[in-house]
Amino acid sequence: MKDYPRIVVPPPGPKARAIVECQDRWASTSYPKEYPLVIARGAGAMVEDVDGNRYLDFMAGIAVASTGYGHPKVVQAIQEAAARFLHICGSDFYFESFAALCERLARLAPGPSKKRVFLSNSGTEAVEGAIKLARHSTGRPAIVAFTGAFHGRTYGGLSLTASKSVQRAGFAPFLPEVYHVPYGYRYRCDFCRGEAACSMRCVSSIEDDLFAKRLDPKSTAAIFVEPIQGEGGYVVPPPGYVKALRELCDRHGILLVCDEVQCGVGRTGKMWASEYEGIEPDILLSAKGLGSGMPIGAIIAKESIMKWQPGAHGSTFGGNPVCCAAALATLDVVERDLLPRVPRLGERLLAGVTRLQQKYPSIGDVRGRGLMIGVEFVKDRATREPAPDIPHALVERAFRKGLLLLGAGKSALRLAPPLVVDESDVDAALAIIDECLGELTD
Ligand SMILES: *Cc1c(COP(=O)(O)O)cnc(C)c1O
């Protein structure tokens with residue numbers, strides 16, 4: 001038997017309350033806390049709060065804690081790197097783990113072309129750099145992105161983001177020459193409403209509507225796409241979708257940028273989600289799970305594209321030596337130990353959630369790949385009217401029972417545990433979700 005989940009004091013306990021009060025008093029008001037978890041430590045998929053409650057984690061700090069909360073191999077790599085030197089700017093000097101990580105990522109990225117790598121501090125900084133690189137290498141200004149997309153919070157990334165309007169409210173003007181088109185969201189498709197015969201109108205309309213009427217494809221630098229939308233609701237597009245975008249890009253000399261900040265590094269059961277489509281992105285972006293929690297991101301681009309001159313782009317901290325060590329250790333653990341397990345555990349989780357869908361009519365849609373599973377709630381299955389209150393209440397209730405969850409999109413739940421979970425963790429999470437939904441629908 002595992003010693004978690006285990007609630008000994010109803011959270012937030014006394015120690016947690018003091019910290020919540022302090023942080024709420026002094027920290028920016030923009031942090032959208034869902035529930036008052038105050039973490040003290042973690043191990044594997046277990047998180048312990050300051051009052052001794054132990055939680056089973058099914059959100060991994062937004063899909064970041066890929067190897068769990070302190071994998072021994074990752075922690076050891078970090079400690080060894082930290083003991084040697086904490087910083088030397090990778091823009092100006094050389095060091096072994098920087099070189100090794102660039103080589104590793106270049107070799108890991110899908111497709112036969114030679115690649116080069118730029119290391120950043122975060123996902124949004126990788127997006128930002130990719131916007132610059134796409135414009136620089138094509139000499140074209142326009143960028144196409146999708147409704148429901150999340151590409152980060154800095155101005156370039158935010159200009160591509162179209163997931164929740166609160167993320168954009170009050171921040172205009174955005175980057176010019178950004179065009180949003182509908183994503184391949186089968187359950188809420190603007191064109192075919194996810195009917196069995198999907199003719200991928202969501203892709204052909206880019207040609208027939210956007211390029212025919214509003215935007216010259218010859219002035220389009222790139223299409224930015226999440227192979228599975230993350231923040232937008234863990235939305236899996238129809239099979240062949242990213243491949244169809246690849247073909248569209250090829251017809252017009254447009255770069256295809258796959259933002260795998262959330263879905264990459266093994267989460268879907270392959271190292272990169274774009275591998276499922278058998279395509280080669282021109283630029284692939286990584287961050288979140290790459291460093292197991294240490295801040296690191298990457299722009300992995302075809303060598304033919306990443307040819308900007310010295311000084312064109314840089315970063316003081318990007319590719320910090322401690323973060324590079326964490327990323328190399330993470331990739332070791334993911335490749336050797338975790339990737340072989342993810343499909344099996346993902347199938348178990350998906351099957352379990354599908355059983356819950358049969359039991360609870362409020363679950364309108366279940367979708368996902370590997371350990372990246374979205375559960376969308378509706379008021380009525382016939383109308384598919386979103387039911388945002390349900391995931392909200394579910395997340396809150398699960399927390400009180402020792403399960404950490406996170407919403408996504410308007411009315412969905414994202415299941416994204418650390419990739420180290422086992423069968424009993426999956427079953428325990430499903431049991432708590434079942435219990436909560438039973439209480440909520442009584
Ligand atoms: C989280 C996320 C980002 C932004 O990453 P940060 O590290 O928070 O800046 C960009 N793209 C996708 C797909 C993400 O999920």
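Reply: Pro5 sits in the segment before helix H1 (14–26). Helices (H or I, at least four residues) and strands (E, at least two) are DSSP runs numbered from the N terminus. This is a predicted model: local features need pLDDT of at least 70, side-chain atom pairs count only at pLDDT 80 or more, and totals for chains, interfaces and linings use all residues. Residues are numbered from 1 along each chain as its sequence is written, and side-chain values use heavy atoms, with hydrogens and water left out.

The Tyr4–Pro5 peptide bond is cis, with omega about -10°. Pro12 also lies in the segment before H1. The bond from Pro11 to Pro12 is cis too, with omega near 0°.

Next, backbone angles. Tyr234 lies in the loop between strand S7 (220–225) and helix H8 (241–252). Its phi is near 50°, positive in a residue other than glycine. Tyr234 has a relative accessible area of 0%, so it is buried (under 20% relative accessible area; exposed is over 50%, partly exposed in between; 1.4 Å probe, protein chains only). Val265 is in the loop between strand S8 (255–259) and strand S9 (283–286). Its phi is positive as well, near 55°. Val265 counts as buried because its relative accessible area is 2%.

Thr330 belongs to helix H9 (residues 321–338). It is buried because its relative accessibility is 0%. Its side chain makes a polar contact of 2.7 Å with that of Ser292 (a pair of N or O atoms within 3.5 Å; within protein, one able to donate a hydrogen and the other to accept it, and residues adjacent in sequence count only if both atoms are side-chain atoms). The Thr330 side chain also reaches the backbone oxygen of Ala326 at 2.7 Å.

Arg140 is another buried residue. It lies in the loop between helix H5 (123–138) and strand S5 (142–146). Arg140 has no salt bridge (a side-chain nitrogen of Lys or Arg within 4 Å of a carboxyl oxygen of Asp or Glu). The nearest side chain of opposite charge, Asp216, is 7.6 Å away. Lys and Arg count as positive, Asp and Glu as negative; His and the chain ends are not counted. The Arg140 side chain reaches two backbone oxygens: that of Pro217 at 3.2 Å and that of Thr220 at 2.9 Å.
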